[in-house]
Amino acid sequence: MNWISRTRRWSILVLVTLLLVLSLTVAACGQAASQPSSSNNSSSGNYSTSQQSTSQDDNSTQIQNADQDVQSQIQSLDKTQNDVMNSGSTQDNGQMP
Amino acid sequence: MTKLFTTIRHFSQRFALLAALALISLFATAPAAMAAPSAQKCAPTDVKCVIAFGDKLIADRQTALDKLADNVTALQQKHHISDAQADALHTDIKANRDGLTDIKTKLDAETSTQAARQDVKNVYEQLRIFAVVIPRDTRHLHLDVEVTLADKLRDLEQHLQQAVNNDKDDRKAKLTDLFNDYKAAVADAESQVDTAQAIFPMLTVANFNANHTAFDADLHNLSSAEQKIHTDLHKAASDLHQIAQLLKSK
């Protein structure tokens, strides 16, 4: 009986030790994983700022391009307006031979 | 000798008077002659003369329609009008061109002046290329450019709003003023587009033949609406240009 209870105690001790080692390992891994994560967060913050700046630049570039496009379309607008002025109906005067 | 001088002086005065009269009559009649080369009068039985007159009439109208079609294509290629807008105009131009071709085929085969004259009359009364089609379709093309531009300016509003919001405080007030002016001009232009579009269905050959005065009034109202849109779009484009210049000067 003594032999059995001694073996059980040893088993429990070994199990507890194993669990302790395992939990320490997991904790260490978790910390290691969390360190790059916070570093990533920091770089993500930088990226976000630069992304915002890039987005503003893109927006400004889009506006510059749109301005050029619109100025070109204004020329077409003026040309078609002139064509309207010259399209009077007086030429169709119904002259017969 | 004195008599000779007197004769020469009188002669030169008369010559100058005659030359002046000739010049005046030349200037008075030349524009009319140039403007109406087709106003020839044909003999009652001269069918070839009537056909030639009609062919010239038709050729002038075909040239005008072809020029309009080229303008439509050029603006479509620049994406200053949409494909659907271009297709609608091309369809109308083609229908009228086909109408001219049909009359020409009939006219060229005529053997009596009476029938040929009726064909010539049909060029005016059935098609009204210069009185109705060209004025209407030219205005339609102008409105199409206006609508396309107004849509583009409207689409730009969110980009401009973003640019104004994100900008530095010292010029934000100026950008805001320009942007508000821009939005008001685009909105004004859009409000006139509906007015203009409602007039087009009234600009028909049948309405022209039925009531020329009413037709002219509709055409005038359309021109007024398009002119307002034109002015608004110029204003919005100017605001946009100033905004773009301010943003560029960062």
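In this predicted model, the contact between the two chains takes 48 residues from chain B and 26 residues from chain A, two residues being counted as in contact if their C-beta atoms, placed from the backbone, lie within 7 Å. The elements that give two or more residues to the side of chain B that touches chain A are α2, α4, α5 and α8 of chain B, where helices (H or I, at least four residues) and strands (E, at least two) are DSSP runs numbered from the N terminus. The largest share of this side of chain B, 19 residues, comes from α5(B). By class, the side of chain B that touches chain A has 27 nonpolar, 13 polar and 8 charged residues; Ala, Val, Leu, Ile, Met, Phe, Trp, Tyr, Cys and Pro count as nonpolar, Asp, Glu, Lys and Arg as charged, and the others, Gly among them, as polar.

Residues are numbered from 1 along each chain as its sequence is written, while chains are lettered from A and ligands numbered from 1 in the order in which they are written. As the model is predicted, local features need pLDDT of at least 70 and side-chain atom pairs count only at pLDDT 80 or more, whereas totals for chains, interfaces and linings use all residues.

Chain A has 1 helix and 0 strands, and buried residues make up 12% of its 97 residues; a residue is buried if 20 or more other C-beta atoms lie within 10 Å of its own, exposed if 12 or fewer, and partly exposed in between. The average pLDDT of chain A, that is, the predictor's confidence in each residue on a scale from 0 to 100, is 72, with 61% of the residues scoring at least 70. Over residues 32-47 of chain A, pLDDT stays under 50, and the model has 0 contacts beyond four places in sequence for this stretch. A:Asp57 is found in helix α1 (residues 2-85) of chain A and counts as exposed because it has 11 C-beta neighbours inside 10 Å. From A:Asp57 to A:Arg6, 51 residues apart in sequence, the C-alpha to C-alpha distance is 75 Å.

Chain B is divided into domain 1 (38-127) and domain 2 (130-250), with bounds that come from an automatic or database domain assignment. The C-alpha centres of these two domains of chain B lie 32 Å apart, and 17 residues of domain 1 are in contact with 12 residues of domain 2. On the side of domain 1 that touches domain 2, α2, α3 and α4 of chain B each supply at least two residues, and α2(B) gives the most, with 6 residues.

Helix α3 (residues 83-108) of chain B has 26 residues and reaches 36 Å from its first C-alpha to its last, close to the 38 Å expected at 1.5 Å a residue, the expected span being 1.5 Å times one less than the number of residues. Among the buried residues of α3(B) are B:Leu89, B:Ile93 and B:Ile103, and what covers the buried residues of this helix includes α2 (47-77), α4 (113-127) and α5 (129-165) of chain B.

Not counting residues up to four places away in sequence, B:Leu233 touches A:Leu77, B:Glu146, B:Leu149, B:Ala150 and B:Ala189.
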